[in-house]
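Student: I would like to learn how to read a few features of a protein model. Please take them one at a time.

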Amino acid sequence: MFTLAEVASLSDIQPTYRILKPWWDVFMDYLAVVMLMVAIFAGTMQLTKDQVVCLPVLQSTVNSKVQPDTAEKADFTTVETTTGQEEASMRTVAFGRDSINPTAIPDILSRATSSQYQPTESDQELKKEQKDSSGRKTNLDFQQYVFINQMCYHLALPWYSKYFPYLVLIHTIILIVSSNFWFKYPKTCSKIEHFVSILGKCFESPWTTKALSETACEDSEENKQRLTGAQSLPKYVSTSSDEGSPSASTPMITKSGFKFSADKPMIEIPSVTILDKKDGEQAKALFEKVRKFRAHVEDSDLIYKLYVGQTVIKTVKFIFILCYTANFVNTISFEHICNPKVEHLIGYTQFECTHNMAYMLKKLLISYISLICVYGFICLYTLFWLFRIPLKEYSFEKVREESSFSDIPDVKNDFAFLLHMVDQYDQLYSKRFGVFLSEVSENKLRGISLNHEWTYEKLRQHVSRNAQDKQELHLFMLSGVPDAVFDLTDLDVLKLELIPEAKITAKISQMTNLQELHLYHCPAKVEQTAFSFLRDHLRCLHVKFTDVAEIPAWVYLLKTLRELYLIGNLNSENNKMIGLESLRELRHLKILHVKSNLTKIPPNITDVAPHLTKLVIHNDGTKLVVLNSLKKMTNVAELELQNCELERIPHAIFSLSNLQELDLKSNSIRTIEEIISFQHLKRLTCLKLWHNKIVSIPSSITHVKNLESLYLSNNKLETLPAAVFSLQKLRCLDVSYNSIAVIPVEIGLLQNLQHFHITGNKVDVLPKQLFKCVKLRTLSLGQNCITSIPDKVSQLLQLTCLELKGNCLDRLPATLGQCQLLRKSGLIVEDHLFDTLPSEVKEVLNQDTGIPFANGI
């Protein structure tokens, strides 16, 4: 027989799982243990003491019922001894009303002969004969009764009396398994184990205590503020903080207008507890675990269904046990009638038997029924609880009311069911667990960890100087903006990239030198005081985004903003340009740079057109079709339409009377016959048509007399017409990377030419007239077929940059030493060519000079 410990192992679960065991499960577990003990006790008793004792029912006993007087007088025992050929059998007959003790049957002969009657002569002879007989004693009389007892145990005794302990054991094992199956089933066990592990860590985390403690402090501070009153804020500024509103995310711009959400100034609250770096890292890991676990569990309700299923099984099992046990409870009795049909062996047909365990089994059965009834009522209560409230939904409403973490979301499905089960153990677990579901709480933790890591000294080490010699700080992929950033009061440029929870506090007002801000995929939120400072001091803003909704709404309220750079998806078909509806508020905006995928120039841009002096549109290859709105931009001096798939120069440009610089880089322009219309643009000085498909330059270019810079590189030009060299004001000519074979001698007419780039063509001879352009400072002749450099290069006294690399030269002219401003750093040639120069020329070229030189425009 197996022990109680071995059977109890079926219900063995991890001690930590006790938080998922409500009182009814615990009570049913104890009831199951008691039922298990009943089964084992009854089984042990049956194995050790269970037996029946049977006596024959004589025919004379039946007749005595008809003649009771005769039966009362009869009180003796006769023994008939018969002999057979190979065996002897003894038949013992008992008469009288009194019952005979079965254990005294072997002694009946001695007692009968000694006390009931005097022996007759024949008896004395028989006795003498038995005394004289010899042989082995067989005890067949005892064997007969053992045989009858065994026969009647199986024939007369009800099956329930024999198998009751084993049935109780089987039922109890099934109930135990049903109670704990959800802890064992792989698809639920893994989730439960993970949940219990996370729940325990969240409960014991120092961050939980700190967050709840600071919440209490904040609540008391808020109460004080309510008594003193709140400050009045601008029309579009909301005082709702992140902690108080879960919807305080990046505001969305709507067609009817826009809203601006700014956080109220943070209240400095002394930390109740100290959170070291290790605890902070553990808390951050817990936030991530809780987020992933919620996503994994909240999409199914398998745990809930399995628990309901096993409860239904236990209830059905209880009803089944109660029904069939009630029918068999009366079959357990002390006396039984047995008809073994062995008259040919014993000589009797009917026996009356007694079952010595009947009394004990009946008491145990009554106890078992009582336990089952209690168990069943608890199962019914569990079902009532399961279906009384929606257990697949869980609300943290009470936690939100008691703390400032009002953004704790409600959960559903298995996640909700597990929290309901935990509440039956202790509601404090759910309250402390809710802290790790709050984004506000996570942001607070990130802020503490961030400030601990990014100190003032560390930030100062990351400050650098950019090309404009301004102090610049670039923060990349942080959890937030460290508070120490606002202590860098001499900072000029602040770049925030991939910081989803960036928050600009009132301390930014200390940064009096800050005029340029970059927000790359960073929908920053600002407090009211910080917004006021940015509105009055910020001059340049760069915003890079994926969706237009990422543009912070407060951007459109920066009335003193001068430069705005927008980089992201602004396709009018996808978002109807809702992100630019409020540009009309930017009355001081001068420069607008849009890098997107526009199909037309948004009408919203024309709202600020009268103020714009520079408009840059960089498309990603999307064809820019509608350009009529350009006509309204009368004050635009610089216009760039790059990578817009333009095939011709847009006619709308010819209406821009103040246009000074036009850049049509990286389009699909094949012909520029419209260039004659540029004669009406009296202020146009720079024309950039590079990276197109232009085949020829029309002679009408002579009418654009004020041109000072002409960029035609990376096209398909084969010749340079003489009309180009009639532009007497031309200072920069770039025709690099075409198919030009000859430099016309008319180039000598360009007396004001300072920069000439013809790299990457097919030029083999340099005309002498080229060196009449004595104002040349940059001459790029690389990657051509030039075999020699004329000595007249010495006439270029202002030359600072000469590129000759990639030609067919075998030597350099010694007259290069007469180019007073040329130095080795500005001479781009192969090393072996430089070595061909005389030593004195090399010494001159190697000299340092304080005179700056240009490397080209």
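Student: What is the handedness of the crossing of α2 and α14?

Tutor: In this predicted model, the crossing of α2 and α14 is left-handed. Helix α2 covers residues 23-49 and helix α14 covers residues 358-388.

Student: At what angle do α2 and α14 pack, and how far apart are their axes?

Tutor: The angle is about 160°, and the axes of α2 and α14 are 10 Å apart. Angles over 145 degrees count as roughly antiparallel, so α2 and α14 are roughly antiparallel to each other.

Student: Which kinds of residues make the contact of α2 with α14?

Tutor: The contact of α2 with α14 is made of 22 nonpolar residues, two polar and no charged.

Student: Next, the cores. Which residues touch the most other members in the largest nonpolar core?

Tutor: That core has 133 residues, and Phe678 and Phe756 touch the most other members. Helix α20, residues 528-537, gives the most to this core, with four residues. Another core, of 83 residues, lies apart from it; Leu36, Phe183, Val290 and Tyr429 are among its members.

Student: What does Phe756 touch, not counting residues up to four places away in sequence?

Tutor: Its partners are Leu733, Val735, Ile743, Ile747, Leu770, Leu776, Thr778, Leu779 and Ser780.

Student: Where do Glu645 and Ser666 lie?

Tutor: Glu645 is in the loop between β20 (638-642) and β21 (661-663). Ser666 is in the loop between β21 and β22 (686-688).

Student: Why does Glu645 count as partly exposed?

Tutor: Partly exposed is the range between buried, under 20% relative accessible area, and exposed, over 50%. Glu645 has 30% relative accessibility, so it counts as partly exposed. Ser666 is partly exposed because its relative accessible area is 27%.

Student: Last, a strand residue. Where is Ser464, and which residues is it in contact with beyond its neighbours within four places in sequence?

Tutor: Ser464 belongs to strand β10, residues 464-465. Beyond those neighbours, Ser464 is in contact with Lys470, Gln471 and Glu472. With a relative accessible area of 37%, Ser464 is partly exposed.

Student: How far apart are Ser464 and Leu491 in sequence and in space?

Tutor: Ser464 and Leu491 are 27 residues apart in sequence, and their C-alpha atoms are 9.7 Å apart in space.

Definitions and conventions:
Residues numbered from 1 in each chain as written. Predicted model: local features only at pLDDT ≥ 70, side-chain atom pairs only at ≥ 80, totals over all residues. Heavy atoms only, no water. Axes fitted to C-alpha atoms, helices over the stretch in contact; angles between N-to-C directions. Helix = DSSP H or I, 4+ residues; strand = E, 2+ residues; numbered from the N terminus. Parallel < 35°, antiparallel > 145°, perpendicular 65-115°, else oblique. Left-handed = near helix turned anticlockwise from the far one by under 90°. Nonpolar A, V, L, I, M, F, W, Y, C, P; charged D, E, K, R; others polar. Core = buried A, V, L, I, M, F, W, Y, C linked by side-chain atoms within 4.5 Å. Buried < 20%, exposed > 50% of the residue type's maximum accessible area, 1.4 Å probe, protein only. Contact = heavy atoms within 4.5 Å.
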